[in-house]
Amino acid sequence: FPSHDSSTNAEYVGGMPELFKFLATHIIYPQVCIENNIQGKVYARFKVKASGEISDIKIVRGLLLEADEEVIRVISYMPDFEPATCQGKPVDSYYFLPVSFTLE
């Protein structure tokens, strides 16, 4: 993009710190993962519409079905994002989100 182009990426309101806080508050570590000491990352991709609404949630690289489903569940009720913009206008875009599952 030329430097005079005012394009931005979609962003969680409050930025990454707030996004990670939301995930930490809402993700429930699946019992089967705890019992089997399963840790790792689930990579999700979803569309952020020009309206900021989230849709088309897909798991790009999963960990275990239960963990994947948990990530989809939590993303599906995230608040709307600030949409991406192109030349100052809101546009649809895709957002990639890695979600870590780590046992303390």
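User: How many salt bridges does a search of the whole structure find?
Analyst: The search finds 4 salt bridges. The model is a predicted one.

User: Why is the contact between Lys 21 and Glu 18 called a salt bridge?
Analyst: The N to O distance between the two side chains is 3.1 Å. The cut-off is within 4 Å for a Lys or Arg nitrogen and an Asp or Glu carboxyl oxygen, so the pair qualifies.

User: What separates Lys 21 and Glu 18 along helix α1?
Analyst: They lie 3 residues apart in helix α1 (residues 15-26), which means a separation of about one helical turn.

User: Why is Lys 21 called partly exposed?
Analyst: Its relative accessible area is 49%. Exposed requires over 50% and buried requires under 20%, so Lys 21 falls in between. Glu 18, at 32%, is therefore also partly exposed.

User: What makes Lys 47 and Asp 56 a salt bridge?
Analyst: Their side chains meet at 3.8 Å, N to O. That value is within 4 Å, so the pair counts. Asp 56 has a relative accessible area of 36% and is partly exposed.

User: How do you know that Arg 73 forms a salt bridge with Glu 70?
Analyst: The closest N and O atoms are 2.6 Å apart. This is within the 4 Å limit, so the term applies. Both residues belong to helix α3 (residues 65-76), 3 residues apart, or about one helical turn.

User: Is Glu 70 buried or exposed, and why?
Analyst: Glu 70 has a relative accessible area of 9%. Buried means under 20%, so Glu 70 is buried. Arg 73, at 31%, is partly exposed.

How values were computed: Residues numbered from 1 in each chain as written. Predicted model: local features only at pLDDT ≥ 70, side-chain atom pairs only at ≥ 80, totals over all residues. Heavy atoms only, no water. Helix = DSSP H or I, 4+ residues; strand = E, 2+ residues; numbered from the N terminus. Buried < 20%, exposed > 50% of the residue type's maximum accessible area, 1.4 Å probe, protein only.
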